[in-house]
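Let's take a walk through this protein chain together. Have the sequence and the 3D view ready, and we'll stop at a helix, some charged pairs and a few rings.

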Amino acid sequence: MTDDTVVAGSRATWPVLIFLASACQVSRRLVRRAGTMVGVAHTVIQVPVPELESITQRLERPPVCPHITLLGPFVDRRDVNEDLVDTLRDLLAQVRAFDFKLSTMGRFGSELTYLAPEPAGHFVRLTHMLAATFPKWPPYDGAFDEIVPHLSIGAGLTSADEEGVRESLPISSTADEVTLTWWSEDAAEELVRFPLHL
C-alpha cells in the first residue's frame with residue numbers, strides 16, 4: 001500500500017518508548033509475567049505483531065507478545081470510558097490496514113535489542129495523529145524529539161538469541177488492528193480492539 005493509506009499528522013516527532021515486555025492478548029485475557037513490566041501502570045495504544053510470537057518464544061527470555069507502541073503512556077484504566085473508546089474508534093476508522101516488514105535489528109544503548117519496521121512512516125503518522133487528538137498525552141511526556149518505531153525483543157540477549165532472530169529476518173506482517181492495552185507492574189491486559197479496514 002502507498003503512504004497515503006494512513007492519515008498524516010502535523011505535530012513534531014517523538015520516539016516510541018522501549019518496553020521490555022509486549023502484549024497482544026485476546027480481548028479481556030490477562031497475562032502475567034512478573035518482573036518484566038516497567039514504569040507506572042498505564043494504558044498503551046499499540047499494534048500487535050503476532051507473526052513474531054513463534055520466533056520470540058524460542059528466546060531465553062521471550063517477551064509476553066510482540067507489539068509496536070503508537071502512543072504511551074496513555075490514560076489511567078479508570079479513565080477508559082465510552083467517550084474515549086468512541087473517539088479512538090472514529091479516529092482509527094480513517095486508517096487502512098497496511099503491510100510492513102521487520103528486516104533490521106538494532107540496539108538502544110548497550111542492552112535493549114529491537115526490530116525496526118519498514119516502512120516506518122505509517123507508524124510515525126499514526127503516532128502524530130493520536131498525539132494531536134490527545135494533546136494531554138504526548139508520547140512519553142514529550143521528552144523526545146523523534147519517533148523511532150520499533151518492536152522490542154529484550155534486554156541482554158545472548159549472542160545465540162540474537163543470531164536466531166537475525167536468521168528469521170525479514171518477517172512480513174500486516175497492521176490490521178490497533179489495541180488499547182493496560183500495563184501494570186506485573187500484568188498486561190488488552191482492553192479494546194480496533195480493527196483496521198482493508
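Which backbone nitrogen does a side-chain oxygen of N81 reach at the start of helix 2? That nitrogen belongs to D83, and the oxygen of N81 comes to within 3.2 Å of it.

Before going on, a word about the numbers. This is a predicted model, where local features need pLDDT of at least 70 and side-chain atom pairs count only at pLDDT 80 or more, while totals for chains, interfaces and linings use all residues. Residues are numbered from 1 along each chain as its sequence is written, and side-chain values use heavy atoms, with hydrogens and water left out.

**Helix 2 and its two sides**

Helix 2 covers residues 82–92. Helices here are DSSP runs of H or I with at least four residues, strands are runs of E with at least two, and both are numbered from the N terminus. L84, V85, L88, L91 and L92 in this helix are buried. As for the cut-offs, buried means under 20% relative accessible area, exposed means over 50%, and partly exposed lies in between, using a 1.4 Å probe and protein chains only.

What covers the buried residues of helix 2? The cover includes strand 2 (42–48), helix 3 (121–133), strand 8 (177–183) and strand 9 (187–195), where contact means heavy atoms within 4.5 Å.

**Charged pairs**

Side chains of opposite charge can pair when their charged atoms come close. A salt bridge here is a side-chain nitrogen of Lys or Arg within 4 Å of a carboxyl oxygen of Asp or Glu. By that rule, the count is 8. Here are some of them:

| Salt bridge | N to O distance |
|---|---|
| R107 and E162 | 2.3 Å |
| R166 and E162 | 3.9 Å |
| E190 and R193 | 3.7 Å |

Start with R107 and E162. This pair links distant parts of the chain: R107 sits in strand 4 (residues 98–108) and E162 in helix 4 (residues 159–168), 55 residues apart. R107 is partly exposed at 42% relative accessibility, whereas E162 is buried at 11%.

E162 also pairs with R166. These two are 4 residues apart in helix 4, about one helical turn, and R166 is partly exposed at 40%. Put together, R107, E162, E163 and R166 are linked in a network of salt bridges.

In the pair E190 and R193, E190 is buried at 1% relative accessibility, while R193 is partly exposed at 42%.

**Rings**

Rings of Phe, Tyr and Trp (its six-membered ring) pair if their centres lie within 6.5 Å; planes under 30 degrees apart count as stacked, over 60 as edge-to-face and the rest as tilted. The count of aromatic pairs is 6. In one of them, F74 and F134 have ring centres 5.0 Å apart and planes at 75 degrees, so the pair is edge-to-face. F74 lies in the loop between strand 3 (67–71) and helix 2, and F134 in the loop between helix 3 and strand 6 (151–155), 60 residues apart.

Methods. Polar contact = N/O pair within 3.5 Å; in protein donor to acceptor, adjacent residues only side chain to side chain.
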